[in-house]
Structures are given as structure tokens and as C-alpha cells.
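Grab a pencil and work through these exercises one at a time. Try each task yourself before you read the solution below it.

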Amino acid sequence: MRVAVVGGGAVGVTAAHDLAQGSADVRLYERDEELGDDRTRPRDRVEGSSHRAAGVLAPRPTDAVGAEIASRALDRFEWLSERDHRFSVEPTPQVTLVGADAADKQAALRETVAAAREHGVDVACHDPAAIADRFPALDFAGVGLAAVTERAAYATPGPGAYVAAMADRARDAGVDCWTGVEASISHRGDGPRVDGERFDAVVVAGGGWTTRLLAPTGIRLPLKPYRVQALVAGADYEGPMVHDADAGVYFRPHPAGLLAGDGTVPEECDPDGWEPDGDDWFVDGALDAVANRTAHDAGADAAWAGIATATPDGEPLLGEVESDLYVATGWHGHGFLRAPATGEALAEQVLGERDAIEEYAPGRFEGVPEFAVEEGMSL
């Protein structure tokens, strides 16, 4: 079985590796000149979504499918971390904070935590005063409710290290990696093609570029790329990962100090014409939020933007869109977190080893509905 994988980010390299492990003859196409790196922040010339991700591994799924994906992803992250010195997973709980006056957000947090607990997630709501001693690095002033996700972590030195490590394993498994290639996808009725060459199956893991990649096939997806942002500050922070729901900001430890992010711009953007640098309003707001919750008042050493993808219901598009043509996209900023499991699941679908995940089926919508872009971490 000959399979082409278009897109060499975290999902693409995982799917390529697993397909080759399943005895497929795999070729991976990536338009950047390299697959992954070991840097702590992205370089301008590397545009892929995985390289610009924040590396937060703190799932709080509220349904059975999400719980299966989240648990499997963390298992595989940990497995790789034990086998490749370039990539590490740092176990760190995540604390979600909601203000005392935000009754609606408190109710939403309690509801999502209860749903997650039903599916085996180790998470619980707490009175802020009850956990203040456990997390002395945080200022809980004005917080009305907190939730702690116990099985959480962050990737270091950065998500690009996962891509590099999995790409090497893919090559070892026999994957032929073509980098620096702008792949063109078509489907002429007798099967999918890449640059005119026929394959038994084609997997498109192109993130925000997926719609453009599929344009020659006439396939239209309910998918919108949008900008999200992150920064690194030289603060000596050793506390938990934090999601401040009122400020709309998250932060975590980082090799250079502290990483903060979100900065969602809730509108569709052009994946070939977006601004890769962080916006001033995001930098100022994120640093203010960090200063309010910690003792650190540091400036940003680097700030950048990346591309996330939204769907109408907040769930990904994972599966077959035309005979033997598959997609993996629509992660709402959580693509890297789920990549080891979603790449695996898609490879198993292509190989006929598992059924499609109905909840993520790309054809679950009637036509291409209109929808608004929403933050992936909103309650």
C-alpha cells in the first residue's frame, strides 16, 4: 500500500511513522526545509503550526472519545520522552482560575470538570484558599474558584523537538521524507494524487493550509484558520501551569523563564498572509496577567503568532473526505496536545485497523455552515 502524507508537523510525522510501522510504503511531503528542531521558540522561516505551538499538555476532555485521545496522547508523549534525549515531557499540574464575580464561568468550570471526571480525568474544583499553600508561586486574590488537572505536562525544549524525534523514527521505519516541496493534491475519480502521482491513499495534515491544499479537488471543509499568540519572558517561574479564564491567558514554566499565550484573534485569516510576530496588545495583556498572578514583572524576550484552525462545533475533522483521501485538521489550538493519538488513529483508519471516529467525521455537517471563530480555551 502506497500512502502520501502531506504536512510534516506533529500529526503528519506521527501518522507517517505509524503507517510505515504498519507496513505501508510512505512518502511524506513538507514545504519547510526541515522536519522539527530543538529550539525553545520558533524561527521566522519555519511557519508550521507545530513549531509555533505552546507545548501545553493539559487535556480536560468532556466525552469518551476525547478522554481516549487525551490519555493515549500523553502515554505516547511520555514513551517518546523516555527514548529520545532531545524531547522531554515535564509533569506539571495545570491550575484554572475563575474570578469571584464571574458566576457564569464558575458554573461552566464546574460543569466541564464534572464531565471530565466522569471520563476518568484526574481533575477537581477547589476553593482557592484550600490550595494556596500547595501553589505558593501564585496570587489567588480575587479568585472565586480553581480547578487542578493533575495529569498534565509541558513539552520542552519545544514542540519542534517532538516533530524532529518522530521524523527520525519515521525515517527509520522507511518513510521517504520530501522537504522543501509544495505538494499539489488532486482526485480524478480513480484515486488521490500528489503532484500527479497516484497513491493508494493520501493523508492531508496541513493545518490551516488544508483548505488551500484541497482546493484543486473541489472539496470544501467547514474550517477557518485564525491567529493565536505566545511569548517568552525571562522570569524565574517555577509554579504550575495556569489558565486564567478571566484574563484569557495561560502561562507555564519555560527553559528561558516563562511562556504565556492565547492572544486569539477571533476572525478568519489568510494562512499565506498572516503576521508571524506577536501583537503589542497581546504582549501587554499577557504580561499584566502574569504580573497579577505571580511576583514577576518581566518584559517579553520574544513574541510570536501561529495558526490555529476552527470548526463549527469545536471538534476536529479527522477521517476520509473522498475515496482514499483523508484529512486531519480543526484542532482549535489543541492539535499538538492530541497529535500522537490523532496521528495514530488516522493511520489505523487508513490501514483498515479501526473504524472512523464518528464524532470527528469530516462529513458530519450539512454543507459548509457559517460559524464564528471562538477561543479554544474558553469556558
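**Exercise 1.** Work out which helices the buried residues of α5 pack against.

*Solution.* Start with the ground rules: this is a predicted model, where local features need pLDDT of at least 70 and side-chain atom pairs count only at pLDDT 80 or more, while totals for chains, interfaces and linings use all residues. Residues are numbered from 1 along each chain as its sequence is written, and side-chain values use heavy atoms, with hydrogens and water left out.

Step 1: find the helix. α5 covers residues 159-172. Helices here are DSSP runs (H or I, at least four residues), strands are runs of E (at least two), and both are numbered from the N terminus.

Step 2: pick out its buried residues (buried means under 20% relative accessible area, exposed over 50%, partly exposed in between, with a 1.4 Å probe and protein chains only). They are P159, G160, A161, Y162, V163, A164, A165, M166, A167, R169 and A170. That's 11 of 14, so α5 is largely enclosed by the rest of the structure.

Step 3: look for partners, where contact means heavy atoms within 4.5 Å. The buried residues of α5 pack against α1 (10-21), α2 and α8.

**Exercise 2.** Compare the spans of α5 and α8 with what a helix of their lengths should give.

*Solution.* Step 1: the expected span is 1.5 Å times one less than the number of residues.

Step 1: for the 14 residues of α5 that comes to 20 Å, and its end C-alpha atoms are 20 Å apart, which agrees.

Step 2: α8 (residues 335-350) has 16 residues, and a straight helix like that would span 22 Å, yet α8 spans only 20 Å between its end C-alpha atoms.

**Exercise 3.** Describe how α2 and α8 meet.

*Solution.* α2 (residues 64-81) and α8 pack at about 95°, with axes 7 Å apart. That makes α2 roughly perpendicular to α8 (under 35 degrees is roughly parallel, over 145 roughly antiparallel, 65 to 115 roughly perpendicular and the rest oblique).

Step 1: list the residues. From α2 come I69, R72, A73, R76 and F77, which meet F336, L337, R338, P340, A341, T342 and E344 in α8.

Step 2: sort them. The contact has 7 nonpolar, 1 polar and 4 charged residues (Ala, Val, Leu, Ile, Met, Phe, Trp, Tyr, Cys and Pro are nonpolar, Asp, Glu, Lys and Arg charged, and the others, Gly among them, polar).

Step 3: check how covered α8 is. 15 of its 16 residues are buried.

Terms used
Axes are lines fitted to C-alpha atoms, for helices over the stretch in contact, and angles run from 0 to 180 degrees between N-to-C directions.
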